Amino acid sequence: MSKLQELMRRGTDLLGCDVAIMGGAMSWISERHLVSALSNAGAFGVIACGAMPPELLDKEIAATKALTSKPFGVNLITMHPQLNELIDVCGKHQVTHVVLAGGLPPGGSIDRIKGHGAKVICFAPALALAKKLIRSGVDALIIEGSEAGGHIGPVSTSVLAQEILPHVAQDVPVFVAGGIATGDMIAAYLEMGAAGVQLGTAFVCSTECIAHPNFKKMFLRGSARDAIASVQIDPRLPVIPVRALKNAGTEAFNTKQREVAQRLDEGKVDMAAAQLEIEHFWAGALRRAVIDGDVENGSVMAGQSVGMVKAEEPVADIITRLVREAEVALAR
Ligand SMILES: Cc1cc2nc3c(=O)[nH]c(=O)nc-3n(C[C@H](O)[C@H](O)[C@H](O)COP(=O)(O)O)c2cc1C
């Protein structure tokens with residue numbers, strides 16, 4: 001067994017695949033084609049359920065199964081109003097792994113997933129929460145730093161890795177995510193005790209990914225400094241930070257925040273309505289960019305590693321390169 005296989009073994013045993021690289025679920029992007037391509041390449045694809053209703057998830061899982069006989073996971077957002085029904089759809093298809101994202105899992109959800117015989121993987125945003133999740137019975141954790149694309153926390157991957165890995169990596173397999181684009185980085189986190197990694201940005205320009213050509217073009221042109229976190233302009237109007245490539249939409253969002261804050265000051269709108277207006281600004285924005293190709297007004301979510309995405313290439317080639325780089329780094 002190679003050193004890489006040895007270091008990844010807890011991850012590959014847990015996931016049931018050859019390479020402990022998870023394709024991070026990306027709403028609208030991580031559907032049947034990308035997910036099956038990842039799993040067929042020996043890595044681990046994860047369907048992004050996002051806001052899908054149970055009937056659509058049902059179809060997506062069935063369609064993915066038709067494209068791969070390898071295991072894959074499903075990512076469910078904890079605040080989805082039909083979380084229990086979605087869990088049961090995963091159970092019906094005997095999905096082997098469910099990733100819970102978007103906040104701490106609500107009571108009963110972990111047991112419900114385990115009741116169907118699936119493994120539960122959760123995001124741990126801090127050490128205390130990692131320990132709490134382990135006590136609740138999760139099978140593995142993901143720690144994701146602020147370099148990542150999409151919704152992000154405030155702490156960088158390197159700091160989370162140092163704070164969390166030494167204390168919990170012996171209890172459950174931990175996957176590190178955020179800002180990873182090379183095998184060298186994968187090798188480094190494995191040597192620190194990670195059981196595997198999760199990448200999102202690196203797979204957006206894969207041949208199999210259905211993202212609109214305009215979306216992929218933005219990725220190929222973008223550099224690390226273009227992938228910026230959304231900013232909250234007024235303390236009364238909360239903004240959940242999202243990392244995306246800057247465009248006209250990002251500017252418009254800042255203008256919108258200033259304008260709503262002013263109307264709030266003038267008493268022309270009440271607090272609840274003002275907050276809702278901010279919350280709704282980006283509704284449907286990722287879909288607009290990924291599917292419709294409106295990369296000026298939509299949300300082009302991307303991580304800082306976007307600058308290292310250089311070409312459109314098959315998933316299998318990306319995985320092969322990452323594995324080769326990691327092996328070379330470990331041999332060094
Ligand atoms: C376009 C895009 C959409 C994403 N959507 C989701 C999502 O729906 N659910 C989720 O848990 N994570 C989501 N993520 C985060 C990824 O699953 C993954 O953890 C992240 O991309 C890893 O960091 P990286 O982008 O630096 O590789 C998204 C990321 C991107 C770039």
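## A first look at some helices and loops

Q94 sits in the loop between α4 and β4 (97–101). Helices (H or I, at least four residues) and strands (E, at least two) are DSSP runs, numbered from the N terminus. Residues are numbered from 1 along each chain as its sequence is written. Please keep in mind that this is a predicted model, where local features need pLDDT of at least 70, side-chain atom pairs count only at pLDDT 80 or more, and totals for chains, interfaces and linings use all residues.

Let us stay with Q94 for a moment. Its phi is near 50 degrees, a positive value in a residue other than glycine. Most residues other than glycine have a negative phi. W28 also has a positive phi, of about 70 degrees, although it is not a glycine. W28 belongs to the loop between β1 (21–23) and α2 (32–40).

A residue is buried if 20 or more other C-beta atoms, placed from the backbone, lie within 10 Å of its own, exposed if 12 or fewer, and partly exposed in between.

| Residue | C-beta neighbours inside 10 Å | Class |
|---|---|---|
| W28 | 20 neighbours | buried |
| K114 | 15 neighbours | partly exposed |
| Q94 | 11 neighbours | exposed |

K114 is part of helix α5 (residues 109–115). Leaving aside residues up to four places away in sequence, K114 touches V120 and G137; two residues are in contact if their C-beta atoms, placed from the backbone, lie within 7 Å. The C-alpha atoms of K114 and I233 are separated by 42 Å, and these residues are 119 residues apart along the chain.

Now to a pair of helices. Helix α3 (residues 54–67) and helix α4 (residues 83–92) pack at an angle of about 25 degrees, with axes 9 Å apart. That angle makes α3 roughly parallel to α4, a term for angles under 35 degrees, with over 145 counting as roughly antiparallel, 65 to 115 as roughly perpendicular and the rest as oblique. Axes are lines fitted to C-alpha atoms, for helices over the stretch in contact, and angles run from 0 to 180 degrees between N-to-C directions. In this contact, P54, L57, D58 and I61 of α3 meet E85, L86 and V89 of α4.

Finally, helix α9 (residues 213–221) has F215, K216, M218 and F219 as its buried residues. They lie on the same side of α9, because they cover an arc of only 155 degrees around the axis, taken from the directions from the helix axis to the C-beta atoms. On the other side of α9, P213 and R221 are exposed. The buried residues of α9 pack against β11 (242–245) and α12 (285–290).
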